[in-house]
Amino acid sequence: MNHMAKRARAALSSLPGSLIVAAFLFLGLAAAPMMAAGAESKLSKEDEACLKCHDKEVGKEHLQKKTEDGKTLSLDVSTKAFIESMHNGTACEDCHDSLDGKTHGKVKTPLASRRELSKSMQGSCVTCHKKKVKQYDDSIHAAQIKQGNDKAPLCSDCHSPHTQPSMKAPMPIEQTPCASCHKDIFKAWAADVHGQERVAKGKTAPICADCHAAHEVKAASLGDALRDGCLKCHKEATQQHKDWLPNAALHFEAVACAACHAPNAERRVNLRLFDAGTNKQLAEKVGVPRFLKRTSAADVANMGLDERALWSLLNEFSRDSGSSGQTILRGRLEVKSGVQAHQLAEKGKALKDCATCHQQGAEPFQSVIVTIAGPDGRPLRHGVQKDVLTSLTAMESVRGFYALGSTRVKLLDYLLILVVCGAAAVPLGHMTVKWAFRGYRERRAAEERAAAAAAAAQSTTPPGQNPGDASR
Amino acid sequence: MAKLYVNPLPVRIWHWLNAFGFVLLILTGVQLRYVGQIDLFSFHTAVVLHNWVGFVLIANFFLWLGFYLFSDKIKVYHPELSPAKYFKASFRQMQYYGYGIFRGDPNPHHVSVYRKFNALQSMMYQIIMMIVVPIQFASGVLLWDVARFSAIVERLGGVRVVDTVHVLIFIFFCGFIIVHVYLASLGHTPTAHFKAMITGYEDVDEPGAPAQH
């Protein structure tokens, strides 16, 4: 906006003073804002000079450039579109300040590719958009570029510098820049509850940037940002879940929203490596590929890590942290792919049957992975054998993840059977022995009664008389 | 036989509430653990019932504790602080249950107001009520709201460890309750001890009368 004001002032100052006075006299003060608005959309002589060649409508020639990768780069800039764009207050040379006026257009300069041009122009965005560029620099996209990814988006891949409309203005969803790379996910979103609300009903349902942020995009499966994103709009969801869902807070931590709200999705258990001391997810450092090296060495057959290999993996990462921390696993139930995460259904169709997860052999627990945040922010995964979730000896490794019924320790089931059978055997055995001895007890009781009777008779017989005489 | 008042009302209320509660906890606990294999309640009903009964029994525990702490009846748990006598009595009691009872020997333990329990009972009930039951209640409360008590759960080794302790004690009680009911039937009649826990009056031998087998 400051730029626009400067441009307006510059335009006004370039007009003859008498003309301004005449304009005020004829149109009055009320016309001043209109004039200022008109001045804003006017171009400087320098910009007009640029567009004289670069706008094919003005110059009658479509300027193009052959890049070294064999492709043709259009150098056309539509004056009309530029004036209507958010950058109409920015002079050409504000961004293209490295061009030499003496040689530009006369001497051919080599250009590797369109992407190289975009990369070289990236710095000019910082001048005005410091905050956004900083957010972008922390994103998974910027991290991928630092890692040498030549497809991750640069500023100009999402924002066309010469035609960029206001990002606040409603945009047809097919123009959503994310869709150009994330086609399948975008297609799934367009068909799910949010997409349908936005497209069919024209409501303000969330689109990509509302959940994933436009610039500080993080890997979706890392952290809890997505859950927090859901709760930002669905403020009542926490209480609504508490009203019916036991241990609701734990479910919010251990189950991704999509795991229940995308009812047709496939689910799995993601055991995430965490530092117990800092309570942060472990991340690989650039150039030190510990995770992939260790997991592939421990699982040559690629059958998934068994409990022993998982235990060793945790110990190795704990050793890396030294005495400062211990590496632990925090499990989370999530859907298997980004496409499935965007198949959210209406609230009424969300999974509400506890038995979906809380029974032996439940589908979500048939697939288990262990993950670490990769150096570019994306998770690195390796399969884990599902038996670790039900093994007594893996208890220490997966101590932070437990789902009633489905991940119960099998050995305890056998112990329960043993104890109940053993306890039932006690009365049965005891009663049996008692029954076997009943004759002995009866004989003994009879003898004792007889002895008691004899003793009683003895005690009642007068001295000198034989007790046997009484029977006679 | 004479009648002796050995089970005061608070003890009887506690006992039967506890007994009924434990049966419910075992049934709902089994349901929670074996969804799909057992169908006594829905999972959700079992969770809600398990939690409520658990809290009722915690309150009931304090009724028991309060009664014994604030009355002289606490003596029933340790009528004499003599380890030698205690172990001798325990041995005699084990000998009776394992051998003498088959032969028709008299029960070596004679009930009186402050000697309600035999040596085995007094030790077993003290272990259960002062160690096992509090651990079970504490682990149950932690599992009731894991997120709320996450710091304690973490310190104890994680939710899986806490749950395993809870399940181990559950398994113990599954066995205990069977043996407890059977031993209670070994009075002078099979129902004598059950009646005593309802009326409060235990049948005891008349002074000078021969001991009951």
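1. The largest nonpolar core in this predicted model has 28 residues, and those with the most contacts inside it are Leu273(A), Leu310(A), Phe365(A) and Val370(A). Four elements of chain A each supply at least two residues of this core: strand E3 (267-275), helix H20 (307-321), strand E5 (327-335) and strand E6 (368-373). H20(A) gives the largest share, 5 residues.

2. Helix H19 of chain A covers residues 290-298, and its buried residues are Arg290(A), Phe291(A), Arg294(A) and Thr295(A). These span an arc of only 105 degrees around the axis, which puts them on the same side of H19(A). Lys293(A) and Ala297(A) are exposed on the face of H19(A) turned away from that buried side. The packing partners of the buried residues are E3, H20, E6 and strand E7 (379-384) of chain A.

3. Two of the buried arginines of H19(A), Arg290(A) and Arg294(A), also belong to a network of salt bridges that links them with Glu284(A), Glu316(A) and Asp320(A). As background, residues three or four places apart in an α-helix point the same way, because the helix has 3.6 residues a turn.

4. On the interface: 45 residues from chain A and 39 residues from chain B take part in the contact. The two chains, A and B, bury about 3800 Å² between them, with 64% of it on carbon and sulfur atoms. The polar part includes 24 residue pairs in polar contact across the interface of chain A and chain B, both residues at pLDDT 80 or more. On the side of chain A that touches chain B, helix H17 (248-254), E5, helix H22 (410-436) and helix H23 (438-460) each supply at least two residues. H22(A) provides the largest share of that side, 14 residues.

5. How many salt bridges cross the interface of chain A and chain B? The rule finds 3. In one salt bridge the side chains of Arg444(A) and Asp105(B) meet, at 2.5 Å from N to O. Over all chains, a search of the whole structure finds 23 salt bridges.

6. Asp413(A) and Arg408(A) meet through their side chains at 2.8 Å, N to O, and both Asp413(A) and Arg408(A) are buried. For Glu116(A) and Lys119(A), the closest N and O atoms of the salt bridge are 3.8 Å apart. Both residues lie in helix H8 (residues 114-128) of chain A, 3 residues apart, about one turn of the helix. Glu116(A) counts as partly exposed because its relative accessibility is 37%, and Lys119(A) is partly exposed at 35%.

7. In chain B, the side chains of Lys73(B) and Asp72(B) form a salt bridge at 3.9 Å, N to O. Lys73(B) has a relative accessibility of 21% and so counts as partly exposed; the limit for buried is under 20%. Asp72(B) is also partly exposed, at 38%.

8. Most residues other than glycine have a negative phi. Phi of Asn247(A), however, is positive, near 55 degrees, and the residue lies in the loop between helix H16 (237-244) and H17 of chain A. Is Asn247(A) buried or exposed? With 17% relative accessibility, Asn247(A) counts as buried.

9. Asn302(A) likewise has a positive phi, about 55 degrees, although it is not a glycine. Asn302(A) is placed in the loop between H19 and H20 of chain A. Its relative accessibility is 58%, so Asn302(A) counts as exposed.

Note on methods
Residues numbered from 1 in each chain as written. Chains lettered and ligands numbered in written order. Predicted model: local features only at pLDDT ≥ 70, side-chain atom pairs only at ≥ 80, totals over all residues. Heavy atoms only, no water. Core = buried A, V, L, I, M, F, W, Y, C linked by side-chain atoms within 4.5 Å. Buried < 20%, exposed > 50% of the residue type's maximum accessible area, 1.4 Å probe, protein only. Arc of directions from axis to C-beta. Contact = heavy atoms within 4.5 Å. Buried area = accessible area lost by both parts, 1.4 Å probe. Salt bridge = Lys/Arg side-chain N within 4 Å of Asp/Glu carboxyl O. Polar contact = N/O pair within 3.5 Å; in protein donor to acceptor, adjacent residues only side chain to side chain.
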